[in-house]
Amino acid sequence: MLIDGGEGGAASTVHDYIAALGVARLDSILVSHYDSDHSGGIASLLIADNAYRIADMIAQAAHAEASVRAVRNQRIAYGASAAMAVVLGAYSLPGAAYGNLVYSAAAALLLAAIPANDAAAAETGCKSARGFLSVQQNLNPSLLVSASSQNRVAKAAGVAAANALEHGETVDSTRSAVFRSLATALPRESRFETGGICANTRIIDIGDTPHRPANYALAVDGRVTISSNYRVQAPGIARNHEEDPALGSEILWGATPLPLNAPTVHVVACRKMVWRAPQRSLPIASGQPDNDDSIGLVIRFNGFTFYSGGDLPTEGEDLVGAAIMNNDLPNPIGGAFPRAARLAAFKCGHHGADTATSVAFLNATRPSAAVISCGENAGFQHPAQVTVDHLHDSVDAQQFFLTNCRYATNHVPASFGPDHPFGRDQMNAANNKSFLFGDNGNVDPIFGPQPGHMRLSISQAASLAANGAVDRQFTVTGYNDDQPPGNGVVDRTIHNY
């Protein structure tokens, strides 16, 4: 499950990180609320995925038709003809197959004289498909609207298919060539290949609110604007869109039977309401209605409990803290899970702003660690000093971790890198609970730019360990700028969570 995706420009970074973990298909995406720094990256990812499906449909048809020919100019012509047929609507919806008209359009070339020149052969294939399909009925909408863009993409597909076959390559190289041809019309943030990672993903969000961005809603539905403001439904997209999930519901497994000792994800806040909160306190009304809508989640893995609540403000977060400490979370197969004695860790609300992470919340949940997604935003300079003070003064918090934070505050020494004249302040500061991940603008000459990825990991054995046991621990891993170049990835272990 992917929870939020940052700003639109972060989409490729999020995708590449997930792909590097070996994830070929995303089961679920949850968008906590619609602020651009939470939903923007998801919209860009889905737009890219929709465009990938279009590129894949075109490439599959071109590659298949080209592969039954032995001569280069024929491969180009037949590949371009098949690609043009798909572009003009000879594909199926909602499935992922191209239609029989593609074969018929290519077959119309049997009596044609195909030039030896690549460009002329591709042009011949395109013209043949246009002529054949001009008298056909019940075609699906064209995937591209202008004749120039249709020709550009179909010709690129025909030549790429011929090249791939000559070099013994799969359809992947043809698809990449088609995607590059399509990508010039896409938003810059979506010009990357997803591998179709989100074609069948379950999307969970707060539903239709005044704050829902139009491009996000269209992207979820599989639509993409890909040429001259022409919007089309991408073939082969079959996402399940779940809106406004029920309070207390478990959303990681859906209809899949819950395996023994498996992690679970529970909704504890949504649309200004909080699970098991006093009715007199609801709906949440902090004066930030879009943030008040945030979905709050409890992620539990046996004895390990983590909380994440988007930008949910203190008015909701304090209610969540009381609810999860005083109530058993429902088990989807019956009964309930034992309530947590404390939070092992949590993600600070609203990037560490002063609107969340209150003393009351910390006292109620007693977290062993906290993480703050704060970044380099000069306008906000997250985290707020009051939030840092609360974490530093917490008797339960062993450490708190920040992503790419350039702004020194009391209890968060600036991380200047090993070659800076100020030295390794963060590592040497006495009684320091903070720990920064990311290069903070100091690019490592060996690793290259480090955006501040942070990974919290715990084994099943550690999640089952008894309180006080030596192996009751989890690890937070990331790049720390205070290390010597090439040695920046470090682990920090939180014991007896």
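**Exercise 1.** Which residues in α5 meet which residues in α6?

*Solution.* This is a predicted model, in which local features need pLDDT of at least 70, side-chain atom pairs count only at pLDDT 80 or more, and totals for chains, interfaces and linings use all residues. Residues are numbered from 1 along each chain as its sequence is written, and side-chain values use heavy atoms, with hydrogens and water left out.

Step 1. From α5, the residues A122, E123, C126 and R130 meet A147, Q150, N151, A154 and K155 of α6. Contact means heavy atoms within 4.5 Å; helices are DSSP runs of H or I with at least four residues, and strands are runs of E with at least two, numbered from the N terminus.

Step 2. Sorted by class, this contact has four nonpolar, two polar and three charged residues. Nonpolar covers Ala, Val, Leu, Ile, Met, Phe, Trp, Tyr, Cys and Pro; charged covers Asp, Glu, Lys and Arg; the others, Gly among them, are polar.

**Exercise 2.** State how the axes of α5 and α6 cross.

*Solution.* Step 1. The axes of α5 (residues 118-133) and α6 (residues 147-166) come within 9 Å and cross at roughly 125°. Axes are lines fitted to C-alpha atoms, for helices over the stretch in contact, and angles run from 0 to 180 degrees between N-to-C directions.

Step 2. The two helices are therefore oblique to each other (under 35 degrees is roughly parallel, over 145 roughly antiparallel, 65 to 115 roughly perpendicular, the rest oblique).

**Exercise 3.** Describe the pairing of β16 with β17.

*Solution.* Step 1. β16 (residues 473-479) pairs with β17 in the antiparallel sense over seven bridges; pairing requires at least two DSSP bridges between two strands.

Step 2. Opposite Q473 stands H495 in β17.
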